[in-house]
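Please look over the model shown here. A short report on selected features follows it.

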Amino acid sequence: MLRNITIGQYMARDSIIHNMDPRIKIVITIMMITALFFIDSFSGYGLFFLSVLVIISLSRIPLLRIIKGLRPVLFLVMLTLILHVFFTRGGEVIWQWGFISIEAEGLYTGFFMVTRIVLLIIFTSLLTLTTSPLELTDGIEYLLSPLKRVGVPASELAMMMTIALRFIPTLLEEADKIMKAQMARGADFESGNIVKRARNLIPLLVPLFISAFRRADDLALAMESRCYHGGEGRTRLYELKVKGTDFAALGVALLLCMVFIYF
Amino acid sequence: MLIELKNVSHIYDDDLKGTEALKDINLRISDQEFIGLVGHTGSGKSTLVQMLNGLIKPSSGSVIIDGVNITGEKTSLLGIRRKIGLVFQYPEHQLFEETVYGDVAFGPRNLGLSEEEVELRVKEALELVGLDYEEFKDRSPFNLSGGQQRKVAIAGVLAMKPEVLILDEPSAGLDPQGRQQLISLLEYLYNNKGMTIILVSHRMEEIARLSNRVIVMSEGEIVFDDSPARVFSEVEKIRELGLDLPEITEILWRLNGKGLRVRTDIFSLAEAVEEISRELRGSSKC
Ligand SMILES: Nc1ncnc2c1ncn2[C@@H]1O[C@H](COP(=O)(O)OP(=O)(O)O)[C@@H](O)[C@H]1O
Ligand SMILES: [Mg+2]
């Protein structure tokens with residue numbers, strides 16, 4: 001029931017994109033997304049879309065999977081479109097009915113914004129689709145480590161993220177179990193109005209929190225008894241290494257960004 | 001109450017490999033049975049018992065309870081859950097109320113019973129599991145010992161007065177005394193309350209002593225479904241499946257291997273002592 005909610009959407013594949021260094025992937029993603037906001041023509045979007053297509057085909061992620069990933073933001077996309085189409089004024093009046101009108105400017109801006117949002121989502125989801133959560137936290141830790149000097153606890157943040165990611169599936173499993181145990185005692189999680197439903201969640205949430213705290217306690221104890229004392233001086237099992245393909249990808253991304261920003 | 005499983009198979013939705021947790025299970029469980037369900041970890045025991053009260057719907061096949069197919073769309077599962085009580089593994093993890101009373105009352109209240117009736121049932125259920133009503137009713141379940149918490153959780157299911165009681169590894173993690181109390185409780189419920197009981201356990205002593213039918217599962221299939229005496233006489237096969245024999249059976253078999261002609265279908269200590277001494281006396285006479 002609850003177990004089939006996948007956390008993060010990582011799809012394991014053996015592809016050039018998957019094997020890239022997570023740090024480089026994060027940097028490229030940030031660059032490309034920043035550049036996306038400089039694009040001011042549909043031809044620029046065309047080029048961006050083309051590069052997205054190339055990445056998708058290199059990553060061996062089925063196109064359908066990416067389209068499905070857009071479903072949750074469908075509402076946002078539609079809302080943006082509708083707001084712009086009906087409320088942005090200017091240009092030729094295309095359609096009018098009473099005081100409602102659609103004008104050229106609105107239509108243009110509407111589609112422009114929607115394209116931007118869609119490309120933004122696709123590009124970021126490409127990062128999470130091709131990079132496992134652990135690699136992602138590793139990458140973030142490295143990228144944040146220069147900030148340690150000014151007091152940002154980069155390793156601790158990364159450890160927290162790793163632990164959270166590790167325990168989400170466990171907690172979902174636990175939630176599934178508790179839910180079933182309460183249903184066996186006649187609990188009803190599926191009917192009633194909102195207030196009733198929220199109240200009905202108490203028998204699920206209380207045991208879930210208790211178990212989460214118990215697990216946190218156990219984990220802290222286990223980590224301490226193995227001498228964990230923060231990130232200072234910790235070495236890693238798998239060192240991240242930047243390879244030739246990473247530099248090549250970074251080069252291409254830089255070039256693209258220049259094009260987007262200056263043209 | 002008659003529970004029937006017909007060609008039941010199950011694959012968990014999120015199981016990427018698509019392994020069948022249950023494969024074409026056919027089963028009939030009638031009144032007044034005490035069933036011991038055994039099998040190694042991951043053999044599908046928990047999946048099977050959750051199927052019996054509609055918590056999991058089979059991927060294919062049907063579950064029929066008192067002639068009603070509960071796999072159909074419109075069936076009242078509340079009615080079924082009242083009749084078939086399920087005590088999950090580590091049931092104390094489901095406690096949530098501020099008081100023991102409130103927690104045990106959760107089930108009966110969901111059944112829509114009057115508060116007087118609820119109180120009666122809570123009282124009865126707590127006494128059944130051996131917790132004094134006056135002493136425990138206002139205590140927080142979270143300040144009890146692990147063994148007491150488990151008793152409260154079991155009382156929570158008993159308070160629904162099920163006709164069939166299913167327990168998924170109820171003795172896991174209990175101390176010997178707690179296990180003994182649990183065994184006595186199950187014996188009492190079976191003999192005096194006329195409940196049908198399905199006990200999932202890894203402790204073959206419990207299974208052999210209590211049940212009158214043993215179902216052995218492996219890889220989602222039922223490999224044996226017979227009386228304890230017959231099942232535990234398949235010594236080789238039982239070991240092959242990675243299961244233990246009851247200690248008494250083990251000893252009797254070994255004595256047998258050493259040439260002492262003792263019966264091996266005995267599961268109570270007293271009878272085993274009797275049998276061995278009888279045999280020893282017999283052989284010393286010759
Ligand atoms: N909620 C679940 N989601 C996916 N697979 C599960 C789930 N529960 C159990 N399984 C799988 O189904 C099989 C049978 O498990 P289970 O019924 O729990 O066995 P047992 O209780 O005998 O140990 C196992 O392979 C297990 O991994
Ligand atoms: Mg189990």
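The report takes chain B as a whole, then some of its strands, then a patch on chain A.

This is a predicted model: local features need pLDDT of at least 70, side-chain atom pairs count only at pLDDT 80 or more, and totals for chains, interfaces and linings use all residues. Residues are numbered from 1 along each chain as its sequence is written, chains are lettered from A and ligands numbered from 1 in the order in which they are written, and side-chain values use heavy atoms, without hydrogens and water.

**Chain B overall**

Chain B has twelve helices and ten strands. Helices (H or I, at least four residues) and strands (E, at least two) are DSSP runs, numbered from the N terminus. The C-alpha atoms of chain B fill a box of roughly 70 × 50 × 35 Å along the principal axes.

Buried residues make up 51% of the 286 residues in chain B. Buried means under 20% relative accessible area, exposed over 50%, partly exposed in between (1.4 Å probe, protein chains only). The accessible surface of chain B is about 13200 Å², and 48% of that belongs to carbon and sulfur atoms. Areas come from the Shrake-Rupley method with a 1.4 Å probe.

**Strands of chain B**

Two strands pair if DSSP finds at least two bridges between them.

| Strand pair in chain B | Bridges | Direction | Facing residues |
|---|---|---|---|
| Strand 1 (residues 3-10) and strand 4 (residues 60-65) | Five | Antiparallel | B:Lys6 and B:Ser62 |
| Strand 4 and strand 5 (residues 68-69) | Two | Antiparallel | B:Ile65 and B:Val68 |

The hairpin of strands 4 and 5 of chain B has two residues between the strands. There, B:Asp66 takes a positive phi near 50 degrees.

B:Ser218 lies in strand 9 (residues 213-218) of chain B. Is B:Ser218 buried or exposed? B:Ser218 counts as buried because its relative accessibility is 11%. Leaving out residues up to four places away in sequence, B:Ser218 touches B:His40, B:Ser43, B:Val223 and B:Leu241. Contact means heavy atoms within 4.5 Å.

**A patch on chain A**

A nonpolar surface patch of about 1200 Å² includes A:Phe38, A:Leu47, A:Ile67 and A:Met258. Helix 3 (42-59), helix 4 (63-69) and helix 11 (244-262) of chain A each give two or more residues to the patch. A:Met258 lies in helix 11 of chain A. A:Met258 is partly exposed, at 48% relative accessible area.

Technical notes
Patch = residues over 30% accessible without salt bridge, like charges linked within 9 Å, V, L, I, M, F, W, Y side chains within 5 Å. Salt bridge = Lys/Arg side-chain N within 4 Å of Asp/Glu carboxyl O.
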